[in-house]
Amino acid sequence: MAYIVKKTATLIITLFLVSVLAFLAFQIIPGDVVTSILGTEATPEREEALREELGLDKPPVQRYIKWAGGVLRGDLGVSYRYSKNMNEMMPVSELIGDKLPVTLLLALFAMILTILFAIPIGVLWAGTKNKFLDGALNVLTQTSMAIPAFFLGILVTYLFGIVLKMFTPGSYVSYKKDVGAFVSYMIFPAIAIAIPKIGMTARFLRNSTLTELRSDYVRTAKSKGCEDKTILFKHVLRNAMLPVVTFIGMIIAETVAGSIVVEQVFSLPGIGRLLISSISTRDFPVVEILIMYITMVVIVVYFIVDIIYRELDPRIRVE
Amino acid sequence: MGGIILLLSVVSIFWTPYSPTQMSAALRFKPPSFAHIFGTDNFGRDIFSRVMKAIGTSFLISLFVVLISAVAGILIGAVTGYFGGVIDAVVMRVVDAINGFPSILLALVIISILGKARANVVLALGIAFTPSFVRIVRGEFIRLRDSDYIVRARLMGARKRRILFLHILPNIFSTFWVSVMIGFNNAILAESGLSYLGIGVQAPDATLGSMLSDAQGYLSSAPWYALAPGLTIVWMVLSAAMLSEGLSRKKKNI
C-alpha cells in the first residue's frame, strides 16, 4: 500500500513538471501570437483587446496558474485557429472531444494484436529445434522492425485495400454511427502499427526464454524427469514473461506515437492529425493540451505496468 | 548492402541519371523500364534520381543526429556516471522523463517551437536521442569507475579529464558502437517519419518520407512510386541493423 502511495505521488509530480514544461516551452517562441491571428494590418486597439482577451498581457507565471487551474477544472482554453462562429473562439475541449477516443482505441487495438501474436510466436520460436523455422523467424522479425509504420500502412492499404478489396481506403466510419464498420476499418491501421511491435516483442520473449532455459532450476527439473513441454510452460514461461511485461509497457509509448503517424496514412480523425495540423499552424493552446494528454496516457501506463510487475513477481515485493 | 547505400548517396552529390527536379508532362507515371528503372512520378520526374538524392539527404541528417546525440551522451553520461551525486540524480530524472516520451513526438514539439528547417530537424532529433546514449554511457562509467586500473590511475595522480577520456572512454567503445548503429537506425526511421508528416525537410528537396506521402495519393494507378522510396528506407535500416548485429557478435568473440 505504501508503495502505491509513493508511486502515485511520483506520478503527480511528474505530471506537474510536464505541464510546466509544456506550457513554458511555448512561451519562449519567437513571433507574436496576436499579430499572427489578426495579421499585420490590424489596429493597435484591436491587438490590445485580443491580447487582453487571451490573457497574454500578464506575466508567464500568472498565466500558467490560470491555465493549469483551468485544465484541472476541465476548461482547456481556446484554439487560436479554429473558431466556432464569427465572434466566438473554439474551445480546445470541443476540438479534442471525439478525436481522443479514436487514437486511444487505435493504440488499444494495436496492443491487443501485438500481445495476441507476439507471445505465441516468441514461445514457439524459443521452443523450436527446427533450424529453418529459427532462421525464417529471425529474418521476418528483423525485417518487420525495419519497416517504418507509415510505409507499412501504405503497404497494408495497397494489399488489403486495393488488391484484395477488403476495405475502401479513406472510408472511415465514426464509432458513434456504426461500431461494426468502425472496428472493421480500424483493424487495418492497427495491423500496420502492430507488425513491428510483434517482431520486437517476439524477439524479446524468445531471448528471455532462452536465458531462463539455461538456468539451474531448469536443469533440476530436467534431472527430476520433467518433460520439456512441462518445463517450458510451467516453469520457464512464468519467469520469462516478467521482463516482457516491462517491455510491453515500453512499447505502449511507441504505439501511441505510431498511431499519430498511421492516422495520417489512413486519414483517421484522431488527435495525431490534429497535433500535426496544429503544429503547422502554430496553434499552441491545442498543442499544449495534446502533449499533456499523450504524456498522461504514457505515464499512467508505466504506472500500471509497475504495479502489475510487482504483483507478478513476489521477489520484488519482499524488499 | 550498406556499401551500396553509401555509394549511391556519395554519387548522388555529383551525378544522378536525370535531374531530380526536372518535370515533364509527357513522362508522367511511366512504369519502371530500362530508361527509368524505378519509373516516373506525377510530375514526370525520374524516381530513381530522386531516391538517390533522398538517400543522401536522409543519410546526412541521420549522421549528424547520431553525432550530436552521441557526443552529448558521452559528455553528460561520463560526468554523471563518474562523479554521481546530486547532478547525477537530477540528470537521471530528466533523462527518465524524456525517455518515457515517444522520440518522434518530442521531435515534433521541438520543431514546432523552432520552426521547420533542415537544421532544426537535426537538432530536434539530436535532443530526442540524447537520453538513450546518456543512459548507456553512464552505466558503463559506473561499471568501470571502481575497477582496479582506474583506482591505480587515480593513485598515480592522473587528472580527472585524463581518467575520463583516456582511460575509461576507449574501453566503452565496443559497447557504444552497437548503440550508435541502433541510434542511426532510429534516426533514419524518425527522419523519414517527420518528412512523411510534412514536418521535416521541405519541398522541392526530395526525401524518402515526403516521396512516400506524395506517392500515397496514386497508390492504385502507380504503385511503383510508393514502393521505391519505401523499400529504400527498409533497405537502409536493415543494413544498419546487420552492421550493428555484426559488431555485437564481434564484441562477444573478443
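**Where the chains meet**

In this predicted model, 28 residues of chain B are in contact with 33 residues of chain A.

- Three helices of chain B, namely α4 (103-114), α7 (160-196) and α9, each put at least two residues into the side that touches chain A.
- Which of them gives the most? That's α9(B), with 8 residues on the side of chain B that touches chain A.
- Sort the residues on that side of chain B by class and you get 21 nonpolar, 7 polar and no charged.

Two numbers are handy here: packed helices are described by the angle between their axes and the distance between the axes.

- The axes of α4(B) and α5(B), the helix covering residues 118-145 of chain B, come within 8 Å and cross at roughly 140 degrees.
- That angle is why α4(B) counts as oblique to α5(B); the cut-off for roughly antiparallel is over 145 degrees.
- The crossing of α4(B) and α5(B) is right-handed.
- On the α4(B) side, the contact is made by S103(B), L106(B), A107(B), I110(B), I111(B) and L114(B).
- On the α5(B) side, the residues are N120(B), V121(B), L123(B), A124(B), L125(B), I127(B), A128(B) and F129(B).
- By class, the contact of α4(B) with α5(B) splits into 12 nonpolar, 2 polar and no charged residues.

**How α4(B) packs on α7(B)**

- Here the axes of α4(B) and α7(B) come within 10 Å, crossing at roughly 50 degrees.
- With that angle, α4(B) is oblique to α7(B).
- α4(B) passes α7(B) in a right-handed crossing.
- From α4(B), S103(B), I104(B) and A107(B) meet N186(B), A190(B), G193(B) and L194(B) of α7(B).
- The contact of α4(B) with α7(B) has 4 nonpolar, 3 polar and no charged residues.

**The nonpolar core**

- The largest nonpolar core has 135 residues.
- Which residues have the most contacts inside that core? They are F150(A), L290(A), A107(B), L125(B) and L212(B).
- The largest share of this core, 15 residues, comes from α11 of chain A, the helix spanning residues 228-265.
- Take L125(B) and leave aside its neighbours within four places in sequence: L125(B) is then in contact with V65(B), A107(B), A187(B), A190(B) and E191(B).

- M236(B) lies in α9, residues 223-253 of chain B.
- Is M236(B) buried or exposed? M236(B) is buried, because 26 other C-beta atoms lie within 10 Å, and the cut-off for buried is 20 or more.
- The C-alpha atoms of M236(B) and N185(B) are separated by 8.0 Å, though the two residues are 51 apart along the chain.
- A240(B) also has its place in helix α9 of chain B.
- A240(B) counts as buried too, because it has 24 C-beta neighbours inside 10 Å.
- A240(B) and M181(B) are 59 residues apart in sequence, yet 6.2 Å apart in space, C-alpha to C-alpha.

**Chain A in brief**

- Chain A has 14 helices and 2 strands.
- Of the 319 residues in chain A, 35% are buried.
- Among contacts in chain A between residues at least 6 apart in sequence, 70% join residues at least 24 apart.

How values were computed
Residues numbered from 1 in each chain as written. Chains lettered and ligands numbered in written order. Predicted model: local features only at pLDDT ≥ 70, side-chain atom pairs only at ≥ 80, totals over all residues. Helix = DSSP H or I, 4+ residues; strand = E, 2+ residues; numbered from the N terminus. Buried ≥ 20, exposed ≤ 12 C-beta atoms within 10 Å, placed from the backbone. Contact = placed C-beta atoms within 7 Å. Nonpolar A, V, L, I, M, F, W, Y, C, P; charged D, E, K, R; others polar. Axes fitted to C-alpha atoms, helices over the stretch in contact; angles between N-to-C directions. Parallel < 35°, antiparallel > 145°, perpendicular 65-115°, else oblique. Left-handed = near helix turned anticlockwise from the far one by under 90°. Core = buried A, V, L, I, M, F, W, Y, C linked by C-beta atoms within 7 Å.
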